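Please open the model in your viewer and keep the selection tool at hand.

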Amino acid sequence: MAIRSRRRLRDTLTGYALLAPSLLGVVAFMAVPILVVVWLSVHKWDLIGEPSYVGAPQIASVLSDPGFLSSLGITALLVVLVVPAQIVLGLLLANLLTKGVRGTTVFRALVVIPWIAPPLALGVVWSWIFAPTGGLLSAIAGQRLEILVSPTWALPAAAFVVIWGNVGYTALFFIAGLLSIPKELVEAATVDGASSSQIFWRIKMPLLRPTFFFVSVTSVISVFNLFDQIYALTKGGPDGATEVLAYKIYQEAFETGNLGRAAVMAVVMMLILMAITLAQNLYFRSRTTYEFV
């Protein structure tokens with residue numbers, strides 16, 4: 001019994017020793033920055049002078065700020081525009097690229113290139129494409145197209161760029177999910193007379209629910225943290241039409257010079273993302289199954 005207890009203690013200590021580097025990384029790069037941001041949210045600091053405690057009035061001021069509420073609404077609208085389209089297009093693309101057609105391996109590599117490319121560089125390229133003067137689209141149309149300078153079309157254009165850049169990422173995970181489905185399962189359903197649509201909806205879709213959960217969570221987080229493309233395309237304009245929350249935080253911290261207000265916005269964004277992730281987890285947990293009818 002004593003030997004077994006010592007062996008169990010040794011195995012436990014070995015496990016914690018192996019986990020220690022990762023735990024230190026989590027503490028150093030996640031827990032500590034979160035605590036610093038929470039601390040800053042009740043202080044006023046301009047990066048030069050000494051931080052001064054201001055407390056709850058600063059939080060109330062941010063939460064009642066029309067500019068902050070507007071950026072929150074724009075971010076929510078961008079989530080609605082981007083996430084569903086990105087998931088649907090990624091699934092369709094993944095379904096096409098798992099048909100076993102010759103050359104699909106090359107196409108799988110090509111579709112992820114926009115995702116692995118620097119977002120800021122892609123934003124600069126698309127800003128030239130959409131430019132009203134000398135832009136590619138204006139040259140093709142033969143007239144001046146004011147897309148990025150239009151309060152109506154700037155946000156949809158930014159959403160299109162985000163979808164174009166991230167759809168390969170979504171497709172990559174759906175490809176992995178589709179390829180993990182046992183071929184014997186699909187072949188047995190085919191032998192039983194199931195059509196392609198029945199196989200897709202009754203077999204593949206239920207087994208892809210864990211993948212749906214992952215891509216939906218990461219896609220929402222990605223849109224909330226969107227900055228590079230917005231900075232390159234519109235810099236939050238025109239008239240604040242594309243001033244998403246991440247860009248608003250950047251403005252508050254580095255242009256206005258008030259890290260305290262920026263920290264409040266960051267904490268609010270973190271709490272919103274936590275709530276959305278929890279809601280998605282509860283939704284998919286009750287529906288994720290490996291049974292089908």
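What follows is a list of selections, each with a note on what is there.

Before selecting anything, note that this is a predicted model, in which local features need pLDDT of at least 70 and side-chain atom pairs count only at pLDDT 80 or more, while totals for chains, interfaces and linings use all residues. Residues are numbered from 1 along each chain as its sequence is written, and side-chain values use heavy atoms, with hydrogens and water left out.

Colour the protein by pLDDT, the predictor's confidence in each residue, from 0 to 100; the mean is 88, and 96% of the residues reach 70 or more. Helices here are DSSP runs (H or I, at least four residues), numbered from the N terminus. Select helix α3 (residues 66-96), where confidence is highest, at 95, and then helix α4 (residues 104-111), where it is lowest, at a mean of 77.

Next, select residues 1-41 as domain 1 and 63-285 as domain 2, with bounds that come from an automatic or database domain assignment. Their C-alpha centres lie 34 Å apart, and the contact (heavy atoms within 4.5 Å) takes five residues from domain 1 and seven residues from domain 2.

Finally, show the side chains of Leu122, Trp126 and Phe130 in α6, which meet Ala157, Phe160, Val161 and Trp164 in α8. By class, this contact of α6 with α8 has seven nonpolar residues, no polar and no charged ones, where Ala, Val, Leu, Ile, Met, Phe, Trp, Tyr, Cys and Pro count as nonpolar, Asp, Glu, Lys and Arg as charged, and the others, Gly among them, as polar.

Note on methods. Helix = DSSP H or I, 4+ residues; strand = E, 2+ residues; numbered from the N terminus.
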